[in-house]
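Biologist: Please show me the model. I would like to go through it step by step.

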Amino acid sequence: MAEKMHTPFDAIGEEKLHQLIDAFYRRVGQHPDLVPIFPDDLTETARIQKQFMTQYLGGPPLYTSEHGHPMLRARHMPFPITETRAKAWLSCMNEAMDEIRLDGRLREDFFARLVLTAQHMINTPENGVKGESS
């Protein structure tokens, strides 16, 4: 009989993943580089992120079931995402990982995937956003 392959979602678990996303959005909601591109109330954003990250890490396809294919880059095009904002997003995630004590190889691999994703989301040059310097 074939053994079930364990996913990063299995290793983290739903509860800890939800703690991570909540810790992350507490930081996003206060980060000066990110506040301009996020809604004031992050409740729905966090709910959707929990669905996405569950699926992204190999858990049930919650995001796709409700929203269809992720199409991340297309869905993020309306928001001016600069390299500075991508780095700020990653910084918030790194701090959230510290807060919930996610560590070891699992953290390293997860964060490495997020770095690639954040870089892929960049769609605006630094000088293309009012109020930001290059």
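Biologist: Which residues of α6 are buried?
Modeller: First, the ground rules: this is a predicted model, where local features need pLDDT of at least 70, side-chain atom pairs count only at pLDDT 80 or more, and totals for chains, interfaces and linings use all residues. Residues are numbered from 1 along each chain as its sequence is written, and side-chain values use heavy atoms, with hydrogens and water left out. Buried means under 20% relative accessible area, exposed over 50%, partly exposed in between (1.4 Å probe, protein chains only). In α6 the buried residues are R85, A86, A88, W89, L90, C92, M93, A96 and M97.

Biologist: What covers the buried residues of α6?
Modeller: Helices (H or I, at least four residues) and strands (E, at least two) are DSSP runs, numbered from the N terminus. The cover over the buried residues of α6 includes α2 (14-28), α3 (43-56) and α7 (104-121).

Biologist: How far does α6 reach from its first C-alpha to its last?
Modeller: Helix α6 spans residues 83-99, which is 17 residues. The expected span is 1.5 Å times one less than the number of residues. That gives 24 Å expected, and the helix comes close to it, reaching 24 Å.

Biologist: Which residues does W89 touch?
Modeller: Contact means heavy atoms within 4.5 Å. Residues up to four places away in sequence are not counted here. On that basis, W89 touches F24, L34, F38, Q49, M53, L114 and A118.

Biologist: What kind of pair do the rings of Y25 and F38 make?
Modeller: Rings of Phe, Tyr and Trp (its six-membered ring) pair if their centres lie within 6.5 Å; planes under 30 degrees apart count as stacked, over 60 as edge-to-face and the rest as tilted. By this rule there are five aromatic pairs. The rings of Y25 and F38 have centres 6.1 Å apart and planes at 65°, so the pair is edge-to-face.

Biologist: How many residues apart in sequence are the parts that this pair ties together?
Modeller: Y25 is buried at 8% relative accessible area, and F38 counts as buried at 19%. Y25 lies in helix α2 and F38 in the loop between α2 and α3, so the parts tied together are 13 residues apart.

Biologist: What is the angle between the ring planes of F52 and Y63?
Modeller: F52 and Y63 are both buried. Their rings form an edge-to-face pair, 5.7 Å centre to centre, with the planes at 85°.

Biologist: Is D10 buried, exposed or partly exposed?
Modeller: D10 lies in helix α1 (residues 8-12). With 32% relative accessibility, D10 counts as partly exposed.

Biologist: Which ring does the charged end of R113 sit over?
Modeller: A charge sits over a ring if NZ of Lys or CZ of Arg is within 6 Å of the ring centre and within 35 degrees of the ring normal. The charged end of R113 is 4.1 Å from the centre of its ring, and that ring belongs to Y56.
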